[in-house]
Amino acid sequence: MVTRPRRTTVADVARLAGVSAMTVSNVLNAPHRVSEPTVRTVQAAIDELGYIPNHAARALSSGRSQVIGLPLYDEFSEENPGLSGFLHGLLDGLVRAAAISGYGVHVTTPTVGATEIALYEKLIAARQVDAIVVLETMPNDARIEFLSQRRFPFVAFGRTGPQHRQCWVDVDNETSMAGIAQHLRESGRESALYLRTDSSLPWVHQREDGFVREFPSTVVRSFGTLEEVDEYVSSESAPPDVLVADNDAFAVVAMRALQRRGIHVGEDVAVTGFNDFPFASMLDTPLTTARIPLRDIAACLFDRALLEINGDPDQPGRLVTAPLVVRSSA
């Protein structure tokens, strides 16, 4: 009779790491509750023993799916290739962060004609996910109101209202854009044209406020399309020292319009963007911009989702700064 090797257990990991079985369980399921040194010690023991968590058994015993939901809309990628890359980076970071705790990410889109809230209702009714990630929140957001009323765990990329749980992670747009303004002032630039997205999304106003506060001599213009940006910059009689765009796509269009006029970007006129999409570093004149740290944001989103799933006390939302990346354009 062949004897099968005994499966390594949580108790074995705990014994080797010199901690309790509960601590090992917390490292696997709620690492935010455990100190970093302890997480590293337990992870080393897991690696040494080759321990593989039985996620199916864990999900069965806990009543959880071990999955978080990420609803997306298809038209995002069709209308804005840059945004498609942004969402891909966010998803990659979220999948990596979730995998460490044995979670998966369920990406789904509403059916034609259906609302995002209708999709939430399906996910909740089918018990397909333990929490939902809500993107691009707005003031008085109906999606947040719905999930709050249902008392279903969620985490928002974008801020929630003061009447709701502060389970959100967001880019510190004001501070990040103020950093761009400070860099431009320190380089001797005195006048600026700010190319603003014509939208009511909160980040649009936050970025504008951050820049204008640090660079008061700024003219602000709003644009709904890339074509409008191109037309305006192409016809601007005397460009200022700086063209500042609140997104990389506007910045690239502005650069090309200036270059067609024989204006040297980075010398005659500085140009900056925001996001640091992959193409920003590949231009003939690489773009100075603020880099949104998607992996850091995704890790924060997942950690906060775990807090909500476990019913932990509410905590303040988390702001993440987008660091300045200086290149030839400014």
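The report below takes up the helix pair and then the cysteines of this predicted model.

## Geometry of the α1 and α3 pair

Two packed helices are described by the angle between their axes and the distance between the axes. Here helix α1, which covers residues 10-17, and helix α3, which covers residues 36-49, have axes that come within 9 Å and cross at roughly 120 degrees. The two helices α1 and α3 are therefore oblique to each other, and the crossing in which α1 passes α3 is right-handed.

## Residues at the contact

On the α1 side, the contact is made by Asp 12, Val 13, Leu 16 and Ala 17, which meet Thr 41, Val 42, Ala 45, Ile 46, Glu 48 and Leu 49 on the α3 side.

## Cysteines and disulfides

A disulfide is a covalent bond between the sulfur atoms of two cysteines. The structure holds zero disulfides, and the distances for Cys 167 and Cys 300 are in keeping with that count. For Cys 167, the closest cysteine sulfur is that of Cys 300, at 14 Å, which is too far for a bond, given that a disulfide requires sulfur atoms within 2.5 Å. Seen from Cys 300, the closest cysteine sulfur is likewise that of Cys 167, at 14 Å.

Technical notes: Residues are numbered from 1 along each chain as its sequence is written. This is a predicted model: local features need pLDDT of at least 70, side-chain atom pairs count only at pLDDT 80 or more; totals for chains, interfaces and linings use all residues. Side-chain values use heavy atoms; hydrogens and water are left out. Axes are lines fitted to C-alpha atoms, for helices over the stretch in contact, and angles run from 0 to 180 degrees between N-to-C directions. Helices (H or I, at least four residues) and strands (E, at least two) are DSSP runs, numbered from the N terminus. Angles under 35 degrees count as roughly parallel, over 145 as roughly antiparallel, 65 to 115 as roughly perpendicular and the rest as oblique. A crossing is left-handed if the near helix is turned anticlockwise from the far one by less than a right angle, and right-handed if clockwise. Contact means heavy atoms within 4.5 Å.
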